[in-house]
Amino acid sequence: MSRDLTQFPEDNIGDALWKMQQAGDDLFRMRELEFSVLFPSELLALKFGQLLLENNQKISFCPFQNNDELPWEITAYPEFLPSYENIVAYQDLLVTSAMPLKGEFDGWYCMSSSK
């Protein structure tokens with residue numbers, strides 16, 4: 001099967017989705033994804049978490065050990081189809097919302113869902 005670059009562009013997100021699809025993942029199944037944002041202070045992380053909670057987002061909040069400059073992590077758990085467009089849009093929303101609070105996007109994760 002050849003790679004459809006409109007669904008799986010040649011970037012980190014497109015590559016990850018292409019690998020998932022090639023492994024037999026059903027990308028047309030709703031599921032919970034994880035998006036993490038790191039912050040320089042507990043207060044800024046909590047403000048971001050409050051913003052997400054006010055928008056009915058499921059989140060977790062914890063210390064982050066792997067970065068001394070950004071030691072606090074907020075992870076959001078939206079549920080949607082793992083499409084390129086959905087992932088890019090949600091990531092952009094988080095980046096834009098976290099920027100005034102000095103947050104830095106740390107990545108996303110999606111559990112496999114076999115056919």
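Guide: Contact here means heavy atoms within 4.5 Å. This is a predicted model, where local features need pLDDT of at least 70, side-chain atom pairs count only at pLDDT 80 or more, and totals for chains, interfaces and linings use all residues. Residues are numbered from 1 along each chain as its sequence is written, and side-chain values use heavy atoms, with hydrogens and water left out.

Visitor: Among contacts between residues at least 6 apart in sequence, what share joins residues at least 24 apart?

Guide: Start from contacts in the protein chain between residues at least 6 apart in sequence. Then keep those that join residues at least 24 apart. The share is 68%.

Visitor: What pattern does the protein chain follow along the sequence?

Guide: Helices (H or I, at least four residues) and strands (E, at least two) are DSSP runs, numbered from the N terminus. The chain has 3 helices and 5 strands. Read in sequence order, the pattern is α-β-α-β-β-β-α-β.

Visitor: Is Asp25 buried or exposed?

Guide: Asp25 sits in the loop between helix 1 (12–22) and strand 1 (31–39). Buried means under 20% relative accessible area, exposed over 50%, partly exposed in between (1.4 Å probe, protein chains only). Asp25 has 4% relative accessibility, so it counts as buried.

Visitor: Which side chain makes a polar contact with the side chain of Asp25?

Guide: A polar contact is a pair of N or O atoms within 3.5 Å; within protein, one must be able to donate a hydrogen and the other to accept it, and residues adjacent in sequence count only if both atoms are side-chain atoms. For the Asp25 side chain, the distance is 2.9 Å. The partner is Arg31.
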